[in-house]
Amino acid sequence: MRNILPLLFLVPVAALATGGTMAGSGTEANPWQVADYEDLKMVGLGSYTMDGHYRLIADIDAGKSQKETFWYESGSVKGFKPIGQLFPAALDSADSYGRFETVPFSGSFNGAGHTISNLYIVNFREPSTGMFSVLDSAARLDSLTLKDYYFQGIYSG
């Protein structure tokens, strides 16, 4: 047994990045791998672009979203921050009052048959309440199941 233990440390083990650091490169051939709720929250943020390609690699329990809060300029919102965003237009322009600039999700999100459960959003501050807030016509969503979700707000769905 003593002779075998050192060999165990030499055996390569495939590791998947999780916790908001996704494996993959965001291309169609090598999509970012969404492994947990922290990864899901990173879709479309920072180097994880809105036009990138994403694939779920596990079922995700998003129950933590019930205890979270995020901010829009108009105030706080409870739950998961939707993917694809509406931003108030520049406030210093007289003709922008009441209009929004958008950064839509235009990539692909493949659920690969996995389920996201317990996703929670209560948003009466901004329109478009759902897992995806703003989708571009080029966006592709497929093979994704939402289970036991709760969305409430303006234009929920």
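Okay, one definition before we start: two strands count as paired if DSSP finds at least two bridges between them. With that in hand, look at strand β2, residues 53-56, and strand β8, residues 108-110: they pair in the parallel sense, over 3 bridges. And keep in mind that this is a predicted model.

If you want to find that pairing on the screen, go to R55, which stands opposite N110 in β8.

Now zoom out a bit. Which sheet do those two strands belong to? An open one of 4 strands, running in the order β1-β2-β8-β11, with parallel pairing. At the edges sit β1, residues 32-34, and β11, residues 140-142, and each of those pairs on one side only. Going from one strand to the next, the twist averages 15°.

So much for that sheet. For the protein overall, we have 2 helices and 13 strands. There are 157 residues, and 38% of them count as buried. If you take contacts with a separation of 6 or more, 63% come from residues 24 or more positions apart. The accessible surface comes to about 9,200 Å², and carbon and sulfur atoms own 54% of that.

Which residues have a positive phi without being glycine? One of them is A112, at about 50°. A112 lies in the loop between β8 and β9, the latter being residues 115-117. Move on to N118 and you get a positive phi again, about 65°, and that's not a glycine either. N118 is in the loop between β9 and β10, with β10 covering 120-129.

The cut-off for buried is under 20% relative accessible area, and exposed means over 50%. A112 has 28%, so A112 is partly exposed. N118 has 24%, so N118 is partly exposed too.

The largest pocket has a volume of about 180 Å³. It is lined by 16 residues, and the closest to its centre are K41, M42, L45, F80 and K81. Which element gives the most to that lining? That would be α2, with 5 residues.

Technical notes: Residues numbered from 1 in each chain as written. Predicted model: local features only at pLDDT ≥ 70, side-chain atom pairs only at ≥ 80, totals over all residues. Heavy atoms only, no water. Axes fitted to C-alpha atoms, helices over the stretch in contact; angles between N-to-C directions. Buried < 20%, exposed > 50% of the residue type's maximum accessible area, 1.4 Å probe, protein only. Contact = heavy atoms within 4.5 Å. Areas by Shrake-Rupley, 256 points an atom, 1.4 Å probe, with all protein chains shown as cover. 1 Å grid on protein atoms, 1.4 Å probe; cavity = no way out; pocket = protein on both sides within 12 Å on 5 of 7 lines; lining within 4 Å. Points joined across faces, edges and corners; volume = space filled by probe spheres on them.
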